[in-house]
Amino acid sequence: AATQDSRTFIKDTVLPTVAITAPAANAYVTSANMASFTISGTCSENGQNVVLSGAASATVACASNAWTTNVDFSASGQGNLTVNANHSDAAGNAATQDSRTFIKDTVIPTVAITSPAANSYVTSANMASFTVSGTCSENGQNVVLSGAASATIACASNAWTTNLNLS
């Protein structure tokens, strides 16, 4: 009779999990944080790597069911930046990929008064409704005027206009 042999195998059919939890979706990448933008999340396989790909890449170990890393978006273009998180267990089972999109905006907004011309006169005929207008670069954001009169106007189609009461 043959000598008997035995082996033990590990059955692992449970998929690991990974998630990006911070910062929130559509968080802004700015001039101040683009070189060291912190991303963090959860993971299920301690000791196994979480691999980030997409607009930035990094590899960080899962520890205490969490991970955190800083990525550099300096070379990335303006606009939407999507990062993907992947995680596998020791058996090679892959987690469902998680993704999060951030918005890179490092361009300083502009605003200008284009009308009326400098040193225009405020008269008794126009002081109750003195029209001021200009240009702006951030549609949907407010242009705030202050001084002898004040107003808050939304930038639309890269322009703004309002009537000030200078009475």
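# Close-up views of a predicted model

**View 1. The largest pocket is lined by 14 residues.** I113, F130, V132, L164 and L166 lie nearest its centre. This is a predicted model. The volume of the largest pocket is about 230 Å³. Its lining has eleven nonpolar and three polar residues, and no charged ones. Rolling a probe the size of a water molecule over the atoms shows where empty space is left.

**View 2. Three strands form an open, antiparallel sheet.** The order is β1-β3-β6. β1 (18–22) and β6 (66–71) stand at the edges, and each has a single partner strand, so one side of each is left without a neighbour in the sheet. From one strand to the next, the twist averages 30°. β3, residues 37–43, runs antiparallel to β6, and six bridges join the two.

**View 3. F37 sits in strand β3.** Its bridge partner in β6 is V71. F37 has a relative accessible area of 4%, so the residue is buried. P23 is 14 residues away from F37 along the chain, and the C-alpha atoms of the two are separated by 9.3 Å.

**View 4. An open sheet of five strands has mixed pairing.** The strand order is β2-β8-β7-β4-β5. β2 (28–29) and β5 stand at the edges; each has a single partner strand, so one side of each is left without a neighbour in the sheet. β2 runs parallel to β8 (residues 98–104), and two bridges join them. V29 has K104 as its bridge partner in β8.

**View 5. C43 and C62 form a disulfide.** The structure holds two disulfides. In the link of C43 and C62, the sulfur atoms are 2.1 Å apart. This pair links distant parts of the chain, 19 residues apart: C43 is in strand β3, and C62 is in the loop between β5 (58–61) and β6. The link of C43 and C62 is right-handed, with 100° about the S-S bond. C43 has 3% relative accessibility and counts as buried because the cut-off is under 20%. C62, at 3% relative accessibility, also counts as buried. A disulfide is a covalent bond between the sulfur atoms of two cysteines.

**View 6. C136 and C155 form a disulfide.** Their sulfur atoms are 2.0 Å apart. The pair links distant parts of the chain, 19 residues apart: C136 is in strand β10 (residues 130–136), and C155 is in the loop between β12 (151–154) and β13 (159–164). The link of C136 and C155 is right-handed, with 100° about the S-S bond. Both C136 and C155 are buried. With the bonded cysteines of the chain numbered in sequence order, the pairing is 1-2, 3-4.

**View 7. β11 and β12 form a hairpin.** Five residues lie between the two strands. In the turn, G147 has a positive phi of about 135°. Four bridges join β11 to β12, and the strands run antiparallel. V143 stands opposite I153 in β12. Strand β11, residues 142–145, has V143 and L145 on a covered face. N142 and V144 are on its uncovered face. In a regular strand the side chains alternate between the two faces of the sheet.

View 8. P23 is found in the loop between β1 and β2. P116 is in the loop between β9 (111–115) and β10. Most residues other than glycine have a negative phi, and most peptide bonds are trans.

**View 9. N26 and S157 have a positive phi.** For N26, which is not a glycine, phi is about 70°. N26 is found in the loop between β1 and β2. Its relative accessible area is 44%, and N26 is partly exposed. S157 is not a glycine either, and its phi is about 55°. S157 has its place in the loop between β12 and β13. With a relative accessible area of 67%, S157 is exposed because the cut-off is over 50%.

Terms used: Residues numbered from 1 in each chain as written. Predicted model: local features only at pLDDT ≥ 70, side-chain atom pairs only at ≥ 80, totals over all residues. Heavy atoms only, no water. Pairing = 2+ DSSP bridges. Axes fitted to C-alpha atoms, helices over the stretch in contact; angles between N-to-C directions. 1 Å grid on protein atoms, 1.4 Å probe; cavity = no way out; pocket = protein on both sides within 12 Å on 5 of 7 lines; lining within 4 Å. Points joined across faces, edges and corners; volume = space filled by probe spheres on them. Nonpolar A, V, L, I, M, F, W, Y, C, P; charged D, E, K, R; others polar. Disulfide = S-S within 2.5 Å. Buried < 20%, exposed > 50% of the residue type's maximum accessible area, 1.4 Å probe, protein only.
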